[in-house]
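Load the model in your viewer and keep the selection tool at hand. The stops below go one selection at a time.

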Amino acid sequence: MTTGVSEHAPGLWAIHGSLLDLDHKLDETFLSWARQLKAPEYRFPQFLAVQHLDRLQYFSSFPHLVTFAVTLDRDEEELKRFAKEHEVSADGSLELPMTPRVTHVVTPAACYHAYVEFEGQEFTEPKIITTRGTCCRREDYYVGLERQWIFSMREIVCIGTSEEVHTFLAKAQKKVDRFVHELGLNVTWEGATDPFFNPKNNPKYTFQKLDPVKQELVFDGRLAIASTNDHRSYFGDAFQLTRDGQTLSSGCIAFGMERWLSAFVHSFGEDPESWPAFKVSDV
């Protein structure tokens with residue numbers, strides 16, 4: 001196991017020491033790019049209402065990735081019974097009594113909250129913000145720093161006209177290109193599709209295959225460490241984001257923070273002294 005990473009359970013890892021310092025420095029670099037765009041930083045809740053995800057058809061497209069925020073019923077007798085009789089099995093599982101209907105999930109992407117934040121607003125100019133979120137996606141298997149149940153995502157989001165979003169994404173991609181060239185990382189941009197459930201029967205998957213709107217920055221031919229995403233009017237329609245009465249487009253650039261750490265370790269070794277130096281500046 002890589003120095004600076006400790007596994008607590010399948011899909012759940014802690015990061016400390018030099019790796020955590022590197023995380024902070026990388027994040028400060030991405031945050032500096034947002035500041036250049038005069039993008040304010042937001043800190044959003046870790047939970048997202050199911051009603052917001054449902055309007056995005058998330059539960060039909062990605063049910064296999066969802067982690068729900070489940071609570072016990074508030075009935076006092078049921079709580080007493082659970083407190084007295086609950087039993088954790090040898091496999092580490094716990095059977096729950098009756099639970100109330102679920103209202104929230106642990107957010108699967110950092111940017112979703114931005115559209116909730118600005119729902120129904122009329123904009124006069126492009127709106128660009130940044131946020132970092134702790135995200136949750138259930139996977140078939142897990143690999144430390146690369147494929148985690150809980151992971152960190154830094155995003156810069158743009159809401160504007162289609163042309164404004166395209167300009168934003170192009171500029172963001174150029175910043176990333178200069179940065180990875182400076183670092184010497186072995187990466188390429190590749191067209192990608194989202195991990196749809198039953199993709200052959202999902203029209204959105206077919207649409208993405210025919211007209212790609214997602215580009216992934218792939219390290220060493222196997223690991224996506226960042227992506228640019230052109231949402232077109234999808235979120236604008238869902239959350240009534242408009243200008244002069246017209247639905248706006250949106251797009252984002254996303255950085256999987258733990259995956260950047262993995263790319264560093266695999267490229268330059270575990271010794272921080274061997275890592276390339278870089279300054280948090282106007283890259």
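**Stop 1**

Begin with E41, whose bridge partner in strand 6 is T130. Strands here are DSSP E runs of at least two residues, helices are H or I runs of at least four, and both are numbered from the N terminus. This is a predicted model, in which local features need pLDDT of at least 70, side-chain atom pairs count only at pLDDT 80 or more, and totals for chains, interfaces and linings use all residues. Residues are numbered from 1 along each chain as its sequence is written, and side-chain values use heavy atoms, with hydrogens and water left out.

Now select strand 6, residues 127-136, together with strand 3. The two run parallel and share 2 bridges. Two strands count as paired if DSSP finds at least two bridges between them.

**Stop 2**

Contact means heavy atoms within 4.5 Å. Axes are lines fitted to C-alpha atoms, for helices over the stretch in contact, and angles run from 0 to 180 degrees between N-to-C directions.

**Stop 2: helix 1 against helix 9**

Keep both helices on screen. Their axes come within 10 Å and cross at roughly 115°. The crossing of helix 1 and helix 9 is right-handed. A crossing is left-handed if the near helix is turned anticlockwise from the far one by less than a right angle, and right-handed if clockwise.

Show side chains at the contact. Helix 1 brings L19, L22, D23, L26, D27 and F30, and helix 9 brings M257, W260, L261, F264 and V265. By class, that is 9 nonpolar, no polar and 2 charged residues. Nonpolar covers Ala, Val, Leu, Ile, Met, Phe, Trp, Tyr, Cys and Pro; charged covers Asp, Glu, Lys and Arg; the others, Gly among them, are polar.

Zoom in on D23. Is D23 buried or exposed? D23 is buried, because its relative accessible area is 4%. Buried means under 20% relative accessible area, exposed over 50%, and partly exposed in between, with a 1.4 Å probe and protein chains only. Leaving aside neighbours within four places in sequence, D23 contacts R132, M257 and L261.

**Stop 3: helix 1 against helix 6**

Helix 1 and helix 6 pack at about 145°, with axes 12 Å apart. This crossing is right-handed. From helix 1, L26, T29, F30, W33 and Q36 meet K175, V176 and F179 of helix 6. The contact divides into 5 nonpolar, 2 polar and 1 charged.

**Stop 4: the cores**

Select L26, L217, F255 and W260. Of the 40 residues in the largest nonpolar core, these touch the most other members. A nonpolar core is a set of buried Ala, Val, Leu, Ile, Met, Phe, Trp, Tyr and Cys residues joined through side-chain atoms within 4.5 Å. Helix 6 gives the largest share of this core, 8 residues.

Not counting residues up to four places away in sequence, F255 touches F30, W33, S152, M153, R154, V176, I225, A226 and W260. A second, separate core has 25 residues, including A109, Y115, F123 and A238.

**Stop 6**

Select strand 10. Here 9 of its 10 residues are buried. Strand 10 pairs antiparallel with strand 9 over 6 bridges, and V218 has A224 as bridge partner. The two form a hairpin with 3 residues between them, and D220 in the turn has a positive phi of about 55°. Strand 10 also pairs antiparallel with strand 13 over 6 bridges, where T228 is partnered by I253.

Finish with R232 in strand 10. R232 has a positive phi of about 55° although it is not a glycine. Then go to Q240, in the loop between helix 8 (234-239) and strand 11 (242-243). Q240 is not a glycine either, yet has a positive phi of about 50°.
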